[in-house]
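These are my notebook entries on one structure. I record what I looked up, entry by entry.

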Amino acid sequence: MKTVFTTQEGVKMNSELDFGSTKEIHEQFQYLMDTLETMFDEEFNYYYRVTDDNFIQLAYSYGKSELQIMAQYRMRFKNLKENITFIVKNSIEASAPFSGYPKFENSSVFTEQEFDGIVQSIKDEKDAISKKSLENITPLITYLKENNLNPVPSGYSPTNWNAQCPSGRGHSIMVSTKSDEWGCGYCRRKGGIAELESWLHEK
Ligand SMILES: [Zn+2]
């Protein structure tokens, strides 16, 4: 019986999701594709596994590293290729802010055109969301602009923006135009315009 370690769904971006080790099951994975990633165009090798309890898993190895399960979803479509497309799209979307978009090298499932189509559809969705964000310039966004903190739509939700952290340490703060608040997870500071103003004055 091929079963999953956890029935949780999603893309593993940190230690919160644990899909288990591939040690005993790595021969159950089937080759999916090779991509070039990171600014150095390093080759990543992807594999998938379909379980008897109706999940699809996506795993990768890089260099000689052990196979790591990076995503898992319930099978949503009758057709296997649609399920593979779904999990690949979700994984690329989740990792893009950190590692950029992968380049096609080889695949047993996708043609280069199909793979590029998946990447393009993610970019198009983000562009459409970003356009919506730009229609709603709030006082906090204006304040960030005036203080050269370069607010840009995140592309994930129309009310979600990123801007430079006032600490000057080279990371981003998250901005929500829903509540017109900002937060920095690294500096552990958050607030509205008033809190931002007093932080800028401290400096
Ligand atoms: Zn910060």
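This is a predicted model: local features need pLDDT of at least 70, side-chain atom pairs count only at pLDDT 80 or more; totals for chains, interfaces and linings use all residues.

Entry 1

**Entry 2: the partner of Phe-86.** I looked up the ring pair that Phe-86 forms with Tyr-73. The centres are 5.0 Å apart and the planes stand at 85°, an edge-to-face arrangement. Tyr-73 belongs to strand E5 and Phe-86 to helix H1, so the pair ties together parts 13 residues apart in sequence. Tyr-73 has 10% relative accessibility and therefore counts as buried.

**Entry 3: the sheet.** I next traced the strands. There are 6 of them in an open sheet, in the order E1-E5-E4-E3-E2-E6, and their pairing is antiparallel. At the edges I found strand E1 (10–11) and strand E6 (103–107), each of which pairs on one side only. I then followed strand E2 (residues 30–37) and strand E3 (residues 42–50), which are joined by 7 bridges in the antiparallel sense. Within this pairing, Gln-30 stands opposite Tyr-48 of E3.

**Entry 4: helices on the sheet.** I checked what packs on the sheet. Helix H1 (residues 80–99) does so, touching E1, E2, E3, strand E4 (55–62) and strand E5 (68–74). The direction of H1 makes about 125° with that of E5. Helix H2 (residues 112–134) also packs on the sheet and touches E2 and E6, with an angle of about 140° between its direction and that of E6.

**Entry 5: further ring pairs.** How many aromatic pairs does a search of the whole structure find? I recorded 8. Tyr-46 is buried at 7% relative accessible area, whereas Tyr-60 is partly exposed at 24%. I also noted that ring pairs join Phe-44, Tyr-46, Tyr-60 and Tyr-62 into a cluster.

**Entry 6: the metal site.** Which residues coordinate the zinc ion? I listed Cys-165 (SG), His-171 (NE2), Cys-184 (SG) and Cys-187 (SG), at 2.1 to 2.2 Å. The angles among the 4 donor atoms are 100 to 120°, and the site is tetrahedral. Along the sequence, the donor residues follow the spacing C-x5-H-x12-C-x2-C. I found both Cys-184 and Cys-187 to be buried.

How values were computed
Residues are numbered from 1 along each chain as its sequence is written. Side-chain values use heavy atoms; hydrogens and water are left out. Donors are N, O and S atoms within 2.8 Å of the metal (3.2 Å for Na, K and Ca); water is not among the atoms, so sites may look incomplete. Four donors count as tetrahedral if all angles lie between 85 and 135 degrees; four count as square planar and six as octahedral if opposite donors are over 155 degrees apart and all others between 65 and 115; anything else is irregular. Buried means under 20% relative accessible area, exposed over 50%, partly exposed in between (1.4 Å probe, protein chains only). Two strands pair if DSSP finds at least two bridges between them. Helices (H or I, at least four residues) and strands (E, at least two) are DSSP runs, numbered from the N terminus. Contact means heavy atoms within 4.5 Å. Axes are lines fitted to C-alpha atoms, for helices over the stretch in contact, and angles run from 0 to 180 degrees between N-to-C directions. Rings of Phe, Tyr and Trp (its six-membered ring) pair if their centres lie within 6.5 Å; planes under 30 degrees apart count as stacked, over 60 as edge-to-face and the rest as tilted.
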